[in-house]
Amino acid sequence: MRLSRYFLPVLKETPAEAQIVSHRLMLRAGMIKQSSAGIYSWLPMGFKVLKKIERIVHEEQIRAGHVPMLMPTIQPADLWKESGRYDAYGAELLRIRDRQDRDMLYGPTNEEMITDIFRSHVASYKDLPLTLYHIQWKFRDEMRPRFGVMRGREFLMKDGYNFDLTKEDALHAYNRHLVSYLRTYERMGLQAIPMRADSGPIGGDDTHEFLVLAETGESEVFYDAEITDLSFGDREVDYDSVDECRAVLEEFTSRYARTDETHDADEFAKIPEARQRVARGIEVGQIFYFGTKYSDAMGASVQDADGNKVPVHMGSHGIGVSRLVGAIIEASHDENGIIWPEGVTPFHCGIVNLKQGDAEADAACENLYAALEAEGLEPLYDDRNERAGGKFATMDLIGLPWRITVGPRGLKNGVVELTSRRTGESEEMSPEAAVARVAEIYAAHKPVNPGV
Ligand code: 5CA
């Protein structure tokens, strides 16, 4: 993409309404525009990051054996009356009436709808286990939408639902989700810690939230410092193996780590004092096992091997896709702007032309652009007639992890400059070497297809 043809409405001033750094940077970098409280348009660069996150979520869900689909945003109220949540959910549920006077709602989550789909089409234990998921916009009429996309009213969520014959099978689905989530967040450059939480309006006894530690997080968390030494890395886990998934769950959940909702001061006190941590975190996902809550209420059962009709055991599992954009920025920025992890960066590499209009500099930039594209990478070329200082400031603000700077002086010696946004370190090398280096860096983050 050439910046002169893109739509990147960066702001010079820091917007007064934004209280936390990710919200400020998303506005300043021209990623989002508020349309009304807690509802945003995703401008081109914000949209690109959102799609990259979505793509990683899809890839890891499919790797875990979960099946993608799409349910509508608007749901009939009747389904929610069946489960009892139409009244129980409270004011966060946006109730709508259509022209036929039918009660509808904008879905805040999809347990009822997926249970309805399941009961209409599945009748035998032979069709289990099954996990269906979608990535769809949700609406919750939050009392206090704030912090930009962090607590929106309209937000994008991955929500998945497992259907199993027995509690043991459903607990395996729970563990499998935990493993796949660890892998998902790791690919986004995040450490997200599973913590014992409260299940709220979704219901059930077993639930973990995944929290990214950040001072601006909305949740207060209590944990054993040893937990931050754990890293999932790029290990391969056999998702069909009950033992392998359980081993990962035990490794990542055996130490004390809880949100304030489930915090137990006596248990916490048993941790050696030097390891006790009280901090704040951003909830980027949550997994639930709620047994037969919805299948009992809505008659979702299958025939078991003996011919008995039994209700299915279920769980639901969410990832805050749009919230993750903010969470990643909270975890990765400096005073000059965003620092995207390679896995989610909107463009792989910036190209800054120090002397636009200089025949040699222009040609070198065009060649770099073509060579990066030939490697399957997406460069963002700042080809505007602007001063170098302004171009650098924009690149730092929008946070591409790598930048190649091209100027007449370097070109005389056959070199360009490759700069890391994270460390600020620069190295001179030939244009070919710079392209090869950038391609090598991204080999571990194989370029992601836009869209699904
Ligand atoms: N049905 C279950 C799991 S599919 C569910 O709705 N879980 S949830 O309520 O925990 O939401 C899943 C994730 O969506 C949360 O972990 C959080 O990351 C994200 N989320 C929830 N509310 C908001 C909001 N108002 N704005 C942005 N993201 C949100």
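Modeller: A polar atom in the side chain of Q75 lies 3.1 Å from the backbone oxygen of T109. Keep in mind that this is a predicted model. Q75 belongs to strand β4, residues 74-76. Its relative accessibility is 0%, so Q75 counts as buried; the cut-off for buried is under 20%.

T109 leads on to the ligand. There are 22 residues around the ligand, and T109 is among those that come nearest. E111, R140, G152 and E283 are the others in that nearest group.

R140 places a polar side-chain atom 2.8 Å from a ligand oxygen atom. Q286 also uses its side chain: an N or O atom there is 3.0 Å from an oxygen atom of the ligand. G285 contributes from the backbone, with an N or O atom 3.3 Å from a ligand oxygen. How much of the ligand's accessible area does the protein cover? On its own the ligand has 600 Å² of accessible area, and the protein covers 96% of that.

Next, the rings. The whole structure holds 12 aromatic pairs. Take Y181 and Y185. Their ring centres are 6.1 Å apart and their planes meet at 80°, so this pair is edge-to-face. The cut-off for that label is over 60 degrees. Both residues sit in helix α6, residues 167-187. They are 4 residues apart, about one turn of the helix.

A second pair is Y369 with Y381. This one is tilted, with 6.3 Å from centre to centre and 55° between the planes. Y369 lies in helix α11 (residues 359-374) and Y381 in strand β20 (residues 379-382), so the pair ties together parts 12 residues apart in sequence. Y369 is buried at a relative accessible area of 8%. Y381 is buried at 1%.

The charged end of R2 sits over the Y369 ring, 4.5 Å from the ring centre. There is another such arrangement at K81. The charged end of K81 sits over the ring of Y86, at 5.0 Å from its centre. K81 is part of helix α3, residues 77-83. Its relative accessible area is 42%, so K81 is partly exposed. For a sense of distance, compare K81 with E186. They are 105 residues apart in sequence, and their C-alpha atoms are 39 Å apart in space.

Last, a hairpin. Strand β1 (residues 32-36) pairs with strand β2 (residues 39-42) in the antiparallel sense, over 4 bridges. The hairpin has 2 residues between its strands. Where does a positive phi occur in this hairpin? G38 takes it, near 75°.

Back to the starting point. Q75 is buried, and its side chain meets the backbone oxygen of T109. T109 in turn is one of the residues that come nearest to the ligand.

Conventions:
Residues numbered from 1 in each chain as written. Predicted model: local features only at pLDDT ≥ 70, side-chain atom pairs only at ≥ 80, totals over all residues. Heavy atoms only, no water. Phe/Tyr/Trp six-rings, centres within 6.5 Å; stacked < 30°, edge-to-face > 60°. Buried < 20%, exposed > 50% of the residue type's maximum accessible area, 1.4 Å probe, protein only. Lys NZ or Arg CZ within 6 Å of the ring centre and 35° of its normal. Near = heavy atom within 4 Å. Polar contact = N/O pair within 3.5 Å; in protein donor to acceptor, adjacent residues only side chain to side chain. Areas by Shrake-Rupley, 256 points an atom, 1.4 Å probe, with all protein chains shown as cover. Pairing = 2+ DSSP bridges.
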